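Welcome! Here is a short tour for anyone opening this structure for the first time.

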Amino acid sequence: MNVIAVIAKKDLLIEWRTRTLMARVVPFALLVLVMFAVALDSEPLLLRAAAGLVWLALLFSTMLVVQRSFDVETQDGVLDTLLACANPSRVFFGKATALFVQLFALGVVLVVGAVVLYGVAISGDRVVLLVTVVVSATGGLAVVGTLYGAVVANLIGRDSLLPLLVLPVLAPLLIAASRSTEAAFGSNTIDVANGWAWVGVLVVYAVVFGSAGALAFAPLTESDA
Amino acid sequence: MTSFVASGTAISLSGAVVALRGFPALAGVDMTIACGELVALRGGNGTGKSTLLRLCAGLVPLTRGQATVLDVELGKERAHVRHLVGLMGHRNGLYADLTARENVQFVANLVGATHADVDAALQRLGIDARVAATRVAALSAGQRRRTALAILVVRRAQLWLLDEPHAGLDAVAREELDVILRDATRSGATVVYATHEVDRPGLATPRTITLQGGRVVSDEQSLGRGTR
Amino acid sequence: MHDMTGTKTTRAIGIIALLVTAWVVISAFFITPADQVQGDSVRIMYAHVPTAWIAYLAFITTAIASGFSLARRHRTLGFDRVAGASAEVGVLFMALTLITGSLWGRLTWGTFWQWDPRLTTTLFLFVTYVGYLAVRRIDGDPRQRARRSSVIALLAVLEIPLVHFSVVLWRSLHQEASVLNPDGDVRLDGLMLFTLFSGVAAFTLIFAWLVIHRQRLMALADLDRVVGLDAAISARRAEGIGSAAT
């Protein structure tokens with residue numbers, strides 16, 4: 001059986017058993033959307049900013065999901081067994097795949113949240129763009145999250161270190177995802193053609209960090225002590 | 001199952017020094033263990049037992065001396081030994097939210113073992129259907145140990161390195177563990193386990209190596225009950 | 001065993017750096033003309049442009065040293081020290097770039113910050129390196145720390161161009177009257193240009209001096225640990241002798 005699929009399935013099985021994502025992260029993400037509304041206090045502003053806010057909420061939620069993904073591995077020292085049985089780059093792709101599935105689900109929830117809470121209206125011809133954006137951006141989030149999650153796994157104080165490391169790296173993704181989602185939500189500044197250009201940036205980003213992650217996982221998971 | 005190691009030697013250390021952040025946890029270990037042996041590693045806290053096991057598992061670098069495990073030279077390519085060796089440390093390496101069977105099945109899928117292999121491993125370790133279907137979080141220490149060992153079986157690890165596997169087990173569980181370990185050597189694996197305890201009745205280990213100050217101070221072959 | 005990290009080379013570098021810096025300061029403040037549009041506030045350029053250059057030089061140095069640290073197993077820690085020293089000095093210069101850039105903008109245009117690509121990318125570079133230094137500060141085996149830091153430094157090489165590119169695209173969406181880059185409109189005559197290059201040279205020398213000293217300090221700290229190994233081994237073995245029972 002494909003090792004990557006085996007690892008991804010295992011992560012998703014654990015998620016299914018514990019319902020961490022559904023019970024904790026989804027409510028958190030929706031809560032963030034609500035908090036934005038409370039803080040910004042202006043419906044026109046919310047509507048205009050909806051795309052960016054959705055991606056901000058997803059970025060913050062990603063921190064939680066990534067921490068959880070690696071906590072599962074480091075809790076009982078399973079990571080050592082995993083690395084003894086499988087190639088590091090396969091472990092990387094396996095965990096990134098599972099992360100992708102979870103973040104995609106979260107992304108869908110947040111878009112629905114934006115429609116409901118912020119009054120975003122998505123016309124039929126822009127749905128394809130929207131779906132493509134969510135898929136490609138989530139892909140980038142998954143690989144970067146897995147990579148940096150491994151960097152801080154097992155470190156004391158990692159909860160505060162992960163955001164510091166990961167958010168600057170995610171800046172291009174945030175910019176590209178927000179702009180293209182603005183186009184998908186029907187903004188005046190950005191037309192659909194531009195939106196697709198930003199999707200290009202997202203794809204390049206995901207490919208670059210996907211490859212980098214696969215290469216970096218071996219040195220990162222070597223043991224010296 | 002015959003041993004696949006050409007030289008027939010599982011572990012060969014000569015003057016092995018392992019310095020962790022300047023401190024020589026191992027200060028010149030000389031040791032030779034042939035394939036299929038069952039060896040107890042004794043010594044108090046801080047004598048280097050855990051480091052020795054981790055060295056043989058390829059997890060710490062060799063600072064000085066020679067070390068060859070399963071025909072892999074640790075000085076040059078210790079990463080290669082990782083998949084041949086099964087290290088069971090103080091933690092079990094199990095996913096708490098999966099059942100015992102799922103844990104073993106997961107590793108089986110990674111290494112390409114079959115369902116039958118999983119069943120065989122569970123049976124050999126005395127894990128019945130009920131325990132196998134229980135989440136690891138709900139299992140006792142002894143049951144978790146056995147699950148971890150079942151994973152070593154399914155991985156076909158040629159060398160078992162166990163760090164104080166008897167700790168936290170009651171007398172009955174310890175007896176059962178001893179049987180399992182001897183059983184493993186009969187299938188061709190080499191088993192080295194670290195233990196705190198002085199010789200006690202029931203523990204019939206042919207060979208005991210004692211560490212102190214990061215070196216081997218005694219290597220006794222007990223002529224007692226049971227041959228290898 | 002040295003108790004000072006200075007050598008002939010660093011003294012030479014240090015003296016030249018001082019002389020060139022003195023020249024730059026005199027020239028920048030007293031000799032070069034003020035700009036037609038900006039007036040005297042253009043003089044900040046002589047500080048801002050060189051610090052920006054050094055910020056990126058430090059970034060590249062850390063990246064190259066990290067690459068070698070990963071590739072060369074025997075010299076891992078040596079290269080890692082250079083990477084770390086360069087990052088520490090680099091972060092300082094990145095902060096200076098941001099501060100001088102911010103001041104310049106304030107004096108010229110009245111605002112402390114512009115979301116222009118160069119300042120924004122430098123800001124991200126700064127934060128990235130603060131993160132890198134935070135990772136280095138984590139206690140642990142030096143080799144593991146070296147590997148972890150090296151990976152992050154190399155990932156930053158991927159990250160920074162991507163950030164810059166995205167920010168450029170992003171800001172191009174906003175049709176601003178002029179890209180508020182103070183050095184965009186400055187007309188540089190011969191003397192100003194020469195002073196600018198001297199500034200770059202001076203700061204490069206200062207950078208080199210700081211990095212060499214810093215990584216030597218790190219090396220001395222590590223040396224203490226290695227030299228003691230034989231003594232430590234004997235002490236360790238002695239633990240075995242004395243207590244007969246096990």
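Two residues are in contact if their C-beta atoms, placed from the backbone, lie within 7 Å. By that rule, 23 residues of chain A are in contact with 22 residues of chain C. This is a predicted model, in which local features need pLDDT of at least 70 and side-chain atom pairs count only at pLDDT 80 or more, while totals for chains, interfaces and linings use all residues. Residues are numbered from 1 along each chain as its sequence is written, and chains are lettered from A and ligands numbered from 1 in the order in which they are written.

**Where chain A touches chain C**
- Two elements of chain A, α7 (158–184) and α8 (192–220), each give two or more residues to the side that touches chain C (helices are DSSP runs of H or I with at least four residues, strands runs of E with at least two, numbered from the N terminus).
- The largest share of that side, ten residues, comes from α7(A).

**A residue in chain C**
- C:Ala156 lies in helix α5 (residues 142–172) of chain C.
- C:Ala156 counts as buried because it has 24 C-beta neighbours inside 10 Å (20 or more other C-beta atoms, placed from the backbone, are needed within 10 Å).
- Beyond its neighbours within four places in sequence, C:Ala156 is in contact with C:Ala63, C:Thr128 and C:Tyr132.

**The sheet in chain B**
- Six strands of chain B form an open, mixed sheet in the order β6-β7-β8-β3-β9-β10 (strands pair if DSSP finds at least two bridges between them).
- β6 (85–88) and β10 (215–221) of chain B stand at the edges with a single partner strand each, so one side of each has no neighbour in the sheet.
- Strands β6(B) and β7(B) (residues 159–163) run parallel and are joined by four bridges.

Methods. Buried ≥ 20, exposed ≤ 12 C-beta atoms within 10 Å, placed from the backbone.
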